[in-house]
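Please read them with the coordinates open.

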Amino acid sequence: MPLNVGVVLSSTYRAGGDILYGREGNSAWSALEDVVGRLEGGRCLVFSSGIAAVAAVIETLPAGASVVVDQGSYNGTRRLLADLAGRGRLRWTAVDTTDAGATLDACRGASLLWLESPTNPKCDVCDLPALIGGAHDQGVAVAVDNTFATPLLQKPLEMGADFVVHSVTKLLAGHSDVVLGAVVARSDALIDALVDRRTLHGAIAGPLEAFLALQGLRTLAVRLERAQANASVLAHRLVEHPAVTRVRYPGLASDPGHALARRQMRGFGSMLAFEVPDAGQADAVCSATRLAVNATSLGGVETLLERRSRYGFEETTPAGLIRVSVGIENVEDLWADLGSALDALGAPAG
Ligand SMILES: *Cc1c(COP(=O)(O)O)cnc(C)c1O
C-alpha cells in the first residue's frame, strides 16, 4: 500500500462503482475532506476555490433572502453579495460585527449571518459565541470564514456555527501553489444541499490540487507555530517604529480584539496589519522590502505584504494600511528587511 493517497486522473469510471463521473467525486478530494472535516469537527466538502465555497453556501439560501455581513470582511465575499443583490437574487446589509448588539439588531428577519474573525485585512475580532448564539435565537443561520485562524486556533462549529468556510488556498495548503476552498458543516441536510450545489454548478477541485493541499496540511501545525511566533515579534517591533501610526494584531495587549481573541482563539495567528500615514508611503514600504514580497494572497511560507486600499470594496480600510501575511523565515531577517523599508520613509528626500 502506498503511504500517500493516489491522484486519480480519470474523468469517468467503469459502471457499477460509487463514482460514475469526475464531477461527483475523487479519491484525493475525499482524503482532503476527511482531514479538514476532522480538524473543524464536521463534514467537509472541497471546492475549486475559497470563493466557490462561499458562493455554494450563499446559493443554499432561498431567493430574496437577506444576509448580514461585516463591512470589513474579505472583499470578494462582499463583491459576490453585491453582485447577487444587484441582480435581485438577495438582499444584504453590511455592519460592524465588533458591535454585537448592532449586528444582532441587523439580523432581524435575515436568513444568514456571515462572520469572519479575524477579518481580512484589518484583523478585527468579533465575539463569535455571542453572535452565533444571538443569531440562532432569531432563527438566523451563521457561517464563519475561518481562513485567518485555521481550525488549529479556532473552531467555529464547536461554538455553534452552521457553516465554516475556508480559502484552502491560504494557510491550509500553505505553499502559494493551489487555489482551493472548503465548507464544513455538521448537519447532513446542509451537506447534502452543498453537494447538490457543487455537482450542479461544477465548482469542483482538481485531484492534483487536492493532493497538494493534503501535502501542505501535514505541516500546518509547524508552519503556523513559526509564522505566529514571527508575527508576534514583528507586531511588537512595528508598534515601536516611529513611521508606523497603528498596528493591528490580536496578540497585542493593546489591540481592541485582544480580550476576545484570548477567549475564543488558541493563538493569535500569522496575519497582521499596520498603518503608515498615506497610500504613497504604504506603496514605498511595499516596494522597498527585499525578502517580504509585495503581492496579494496570504498563508504561504513566504512573507507577503500589500496595501489593501489598492482594491475596490475596501471602503473601511485605511489608505495607508499594509496587510502582512507573516511567513516562516528567520524573524531577524524579516525585521531587518521591514525595519529598513520603514526607516527609509523617515530619511530626507534626495
Ligand atoms: C482568499 C480568501 C477568500 C477567497 O478564497 P479564494 O481561494 O481566493 O477563492 C475567502 N475568504 C478569505 C478570508 C480569504 O482570505
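1. Basis of the values. This is a predicted model, in which local features need pLDDT of at least 70 and side-chain atom pairs count only at pLDDT 80 or more, while totals for chains, interfaces and linings use all residues. Residues are numbered from 1 along each chain as its sequence is written, and side-chain values use heavy atoms, with hydrogens and water left out.

2. Overall build. The chain holds eleven helices and twelve strands, where helices (H or I, at least four residues) and strands (E, at least two) are DSSP runs numbered from the N terminus. With a radius of gyration of 20 Å, close to the 20 Å that the globule rule gives for 350 residues, the chain is as compact as a globular protein of that length; the radius is taken over C-alpha atoms, and the rule is 2.2 Å times the number of residues to the power 0.38. Along the principal axes, the C-alpha atoms fill a box of roughly 75 × 50 × 35 Å.

3. Surface and contacts. Of the 350 residues, 53% count as buried, the classes being buried under 20% relative accessible area, exposed over 50% and partly exposed in between (1.4 Å probe, protein chains only). The accessible surface of the chain comes to about 14,300 Å², and 53% of this area belongs to carbon and sulfur atoms; such areas come from the Shrake-Rupley method with a 1.4 Å probe, and for residues only the protein chains shown count as cover. Among contacts in the chain with a separation of 6 or more, 69% are between residues 24 or more positions apart, contact meaning heavy atoms within 4.5 Å.

4. The pair α2 and α6. Two packed helices are described by the angle between their axes and the distance between the axes. For helix α2 (residues 50–59) and helix α6 (residues 188–201), the axes come within 9 Å and cross at roughly 115°; axes are lines fitted to C-alpha atoms, for helices over the stretch in contact, and angles run from 0 to 180 degrees between N-to-C directions. The crossing of α2 past α6 is right-handed, a term for the near helix being turned clockwise from the far one by less than a right angle, with anticlockwise giving left-handed. On the α2 side Ala-56, Val-57 and Glu-59 take part, and they meet Leu-194, Arg-197 and His-201 in α6. By class, this contact has three nonpolar, one polar and two charged residues, with Ala, Val, Leu, Ile, Met, Phe, Trp, Tyr, Cys and Pro counted as nonpolar, Asp, Glu, Lys and Arg as charged, and the others, Gly among them, as polar.

5. Cis peptide bonds. The loop between β4 (112–116) and α5 (128–137) contains Pro-118, and the peptide bond from Ser-117 to Pro-118 is cis, with omega near -10°. Pro-121 is also placed in the loop between β4 and α5, and the bond leading from Asn-120 to Pro-121 is cis, with omega near 15°.

6. Positive phi values. Which residues other than glycine have a positive phi? Ser-176, with phi near 50°, is found in the loop between β6 (163–167) and β7 (181–185) and is partly exposed at 45% relative accessibility. Phe-313, with phi near 60°, lies in the loop between β11 and β12 (321–325) and is partly exposed, with a relative accessible area of 25%.

7. Thr-296 and Arg-310. Thr-296 sits in the loop between β10 (293–294) and β11 (304–307), where a relative accessible area of 39% makes Thr-296 partly exposed. Beyond neighbours within four places in sequence, the contacts of Thr-296 include Leu-304, Glu-306, Arg-310 and Arg-323. Arg-310 belongs to the loop between β11 and β12 and counts as partly exposed at 43%; leaving out residues up to four places away in sequence, Arg-310 touches Asn-294, Ala-295 and Thr-296.

8. Arg-38, in helix α1 (residues 27–40), is exposed, with a relative accessible area of 63%. Ser-340, in helix α11 (residues 331–346), is partly exposed at 40%, and the C-alpha atoms of Ser-340 and Thr-289, 51 residues apart along the chain, are separated by 8.0 Å.
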